[in-house]
Amino acid sequence: RAAISSKEAGVTVQEHLLEQIVRACLRALEDVSWARRAAAGKGIGELAGMDILAPVLLESFSDDGTAHTGKILKRMERRARASVAVLHAGVRIITKGRIWTGKANFVTSIVKVATKWVCLDEKQFFVGCSFKPLSMNIDCADDLFVADEWFVQNEETLTGDEEKDPEESISRRDETMGVNESPVSTVEENTTKKCNGADDGTLDLDEKDDSTTENHQIYIQQDSIDSSIVTSSLLFSGLCRILMVQGLAPTKSMNLSSPENLLYRVSALTGLRDLLDALTKASQAEDADKFDCTHGRFIYDMLAPEFFRTIESSLKDGATNDDSGLKYEPVIISRTIDCVSAAFWKGIGSELEAAKNNSSNTSSKYEDIGFLLEILTQRVQADTAWTVRESAALACGSLARNVPVQILHRRATLASILESAERAFADRKYWRVRVAGLKILCALISRTDVRGLQSGPPDVSGIGGTNDSGSDRQLMLEALLPQKEHILKLARKGLKDSQSGVTASASSICAAVVHWP
């Protein structure tokens, strides 16, 4: 299964056989055998891991990155079409309530494919594509695929015994387009045409797409799934939402005590965390003025209410019962906090602060830094499950990296974060909790001017840096200076720890703080 290069530079055998591999995987996903479905999911995951079900990198173009040959454009189109077929079939399976052996790994494979197509700079990223496998549109909060209103139609049955197939919503939308003129009606007259499939029902990845780019309409031939169906791009927000539902709001028929079902729920939340991490990486820019947090805030506002309902309902024994009677195991609470940590967007709390100053508070309470620190600090201090304490401490560190310095340097906020770090570091039994506590300190130190110190190294190992301005870094340094001795005391204590992970983090902190005035 290793990638064997062909005579064409940069093109592997797997990519040459992409059409046949994807067609075989789609057939296997419709098989009644769980083993065949699991094998298809494993194959899809391997293709994504090899960056085949992914866009062609700009480095694969010409030296100046502007001239794109016909072969490269064709590769991009083929990869996009294959990814569309896989994502569409995968989401259909994920939304079905029945859990089968291997479905947890299948979710992981589908998320791998989706993360490859997460990008906000679409003009450069989707060169050569007439459509996008994953849409970043933030104007379709109730859609799973563009313009299908899947969550509206499934509002009552979403957590019932049976979920509706996304394909039914798409087909119902397509049937109404002949009556109601819509932006996507330009492709309706071509629905009877097999645009991507040959007469023998094969998956043709080379066929040109005549649909509109603006609405990301695509045609795919899915052989055993359906014949020449019309579908839309999968929405990033819709995929995030469906993974959250699968992890936190399982169907009534699901046996929550089953290890297989618990593994599936954990896999769904882990996939959601990976998607949110991919969005954060796509939003980052070297220039702070160009940092794009629009998508991050939209996703956070959409998911935060359900996240914090789950976290707040947790009891000290780690198992909870919310208003619906669902029981949340510690691992579910931990993964939920991980998702919250990944969803924190750069500048969280800034708009709420501005709204308070203008006496026009329209922002969500989930952007209130005091509220967030109270919830997370409580989990660090009081929760009996060490995985929950670790996740809560790491979330405090993520919050410290993303909160505006104007809020972070306040005495109450800084004291609450330092208290969480100290409580986590005081854990005598679990070294990963102690490491998480030290990472909170690393997050605070990264907001100072550690890279600009003339007497220190250009970058401190294990600390990193942020894209804050020089004035913000100086402001944060002034706020942390009174706590210098306390931070050094904790770090020096960590140097004596028997675990290498603790000593590594502690040494990074000492290397950075020792250069402070």
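**Rings, core and cysteines**

Guide: Ring pairs link Phe308, Tyr366 and Phe371 into a cluster. Keep in mind that this is a predicted model.

Visitor: What makes the aromatic pair of Phe308 and Tyr366 stacked?
Guide: Two values. The centres are 5.3 Å apart, and the cut-off for a pair is within 6.5 Å. The planes are 15° apart, and stacked requires under 30 degrees. Both tests are passed, so the pair is stacked.

Visitor: Which parts does that pair tie together?
Guide: Phe308 lies in helix α11, while Tyr366 lies in the loop between α13 and α14. The pair therefore ties together parts that are 58 residues apart in sequence. Phe308 and Tyr366 are buried.

Visitor: What makes Trp386 and Tyr430 a stacked pair?
Guide: Their centres are 5.2 Å apart, with 15° between the planes. The limits are within 6.5 Å and under 30 degrees, so the label holds. Trp386 belongs to helix α15 and Tyr430 to the loop between α17 and α18, so parts 44 residues apart in sequence are tied together.

Visitor: Why is Trp386 called partly exposed?
Guide: Its relative accessibility is 25%. Buried means under 20% and exposed over 50%, so a value in between is partly exposed. Tyr430, at 26%, counts as partly exposed too.

Visitor: Which residues touch the most other members of the largest nonpolar core?
Guide: Tyr300 and Phe308, in a core of 127 residues. Helix α18 gives the most to this core, with ten residues. The contacts of Phe308 include Tyr300, Val340 and Ile375.

Visitor: Why is α12 described as largely enclosed by the rest of the structure?
Guide: Because eleven of its 14 residues are buried. Among them are Ile332, Asp338 and Cys339.

Visitor: How do you know that the span of α12 agrees with its 14 residues?
Guide: At 1.5 Å a residue, the helix should span 20 Å. Its end C-alpha atoms are 20 Å apart, so the two agree.

Visitor: What makes Arg241 a charge over the ring of Phe151?
Guide: The charged end of Arg241 is 4.2 Å from the ring centre, and the distance limit is within 6 Å.

Technical notes
Residues are numbered from 1 along each chain as its sequence is written. This is a predicted model: local features need pLDDT of at least 70, side-chain atom pairs count only at pLDDT 80 or more; totals for chains, interfaces and linings use all residues. Side-chain values use heavy atoms; hydrogens and water are left out. Helices (H or I, at least four residues) and strands (E, at least two) are DSSP runs, numbered from the N terminus. The expected span of a helix is 1.5 Å times one less than its number of residues. Buried means under 20% relative accessible area, exposed over 50%, partly exposed in between (1.4 Å probe, protein chains only). A nonpolar core is a set of buried Ala, Val, Leu, Ile, Met, Phe, Trp, Tyr and Cys residues joined through side-chain atoms within 4.5 Å. Contact means heavy atoms within 4.5 Å. Rings of Phe, Tyr and Trp (its six-membered ring) pair if their centres lie within 6.5 Å; planes under 30 degrees apart count as stacked, over 60 as edge-to-face and the rest as tilted. A charge sits over a ring if NZ of Lys or CZ of Arg is within 6 Å of the ring centre and within 35 degrees of the ring normal. Lists of a residue's contacts leave out its neighbours within four places in sequence.
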